[in-house]
Amino acid sequence: MTVDEDGDGWPDVPGDTALSVRVPEADSLVRAGFPAHVTVLYPFLHASRIDTGVEDRLTALFGSRERFTLHFREFRRYPGALTLDPGPADPVRALIKDVRDEWPELIPYRGIFGDEGLDPHMTVSRGEGPDEYEAAYDALESEFASLLPLSSSVREVRLVIWDGAVWQDRTRYRLGDPPHPSL
């Protein structure tokens, strides 16, 4: 997440990384300035700390998890954010737990939402001010109602990196594909 023009959000630092599940089926719904996704952990390790050992740990960790399907049926509102909740959320929570168990020093969302972060969600829109968000979210929910429910097959987790201007894919880790030992 970046600081928007009004100073809302928090500053992303070049080299920040995140682990996320992309939801391309929902890209047309998202008005938040980034592709549709469910965050596994933001921020993850700074890019300068991601070496072959970290890559191998992530490959093994995600490879040991089964693929799953997420369904998005209901909106949730927070001041300044409209989200869609994935169901079932337990597979995403399991990914979050696995990463947090492996790197317990990492605190989701820089601790802004406490040590545990937020429930799994997909941000549809954010940044509206307190006087505008109810009307804006009413309009978006009405516009998107016919597109729900929406389903997405989750086959990978992506490591993305902030280059100072945009988030870019760095690595994709396949679910259900444990590494094979070399002969």
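1. What covers the buried residues of helix 3 includes strand 3 (68-78), strand 4 (81-87) and strand 5 (122-126), where helices (H or I, at least four residues) and strands (E, at least two) are DSSP runs numbered from the N terminus, and contact means heavy atoms within 4.5 Å. This is a predicted model, in which local features need pLDDT of at least 70 and side-chain atom pairs count only at pLDDT 80 or more, while totals for chains, interfaces and linings use all residues. Residues are numbered from 1 along each chain as its sequence is written, and side-chain values use heavy atoms, with hydrogens and water left out.

2. The buried residues of helix 3 are Tyr133, Tyr137, Leu140 and Phe144, buried being under 20% relative accessible area, exposed over 50% and partly exposed in between (1.4 Å probe, protein chains only). Seen down the helix axis, these buried residues fall within an arc of 60 degrees, so they line one face of helix 3; the arc is that of the directions from the axis to the C-beta atoms. The face turned away from the buried side of helix 3 carries the exposed residues Ala135 and Ser142.

3. Within the cover, strand 5 is itself mostly covered, with five of its five residues buried. Strand 4 and strand 5 run antiparallel and are joined by four bridges (strands pair if DSSP finds at least two bridges between them), and Thr83 has Thr123 of strand 5 as its bridge partner.

4. Thr171, in strand 8 (residues 167-174), is buried, with a relative accessible area of 18%. Leaving aside neighbours within four places in sequence, Thr171 is in contact with Glu55, Val157, Arg158 and Leu159.
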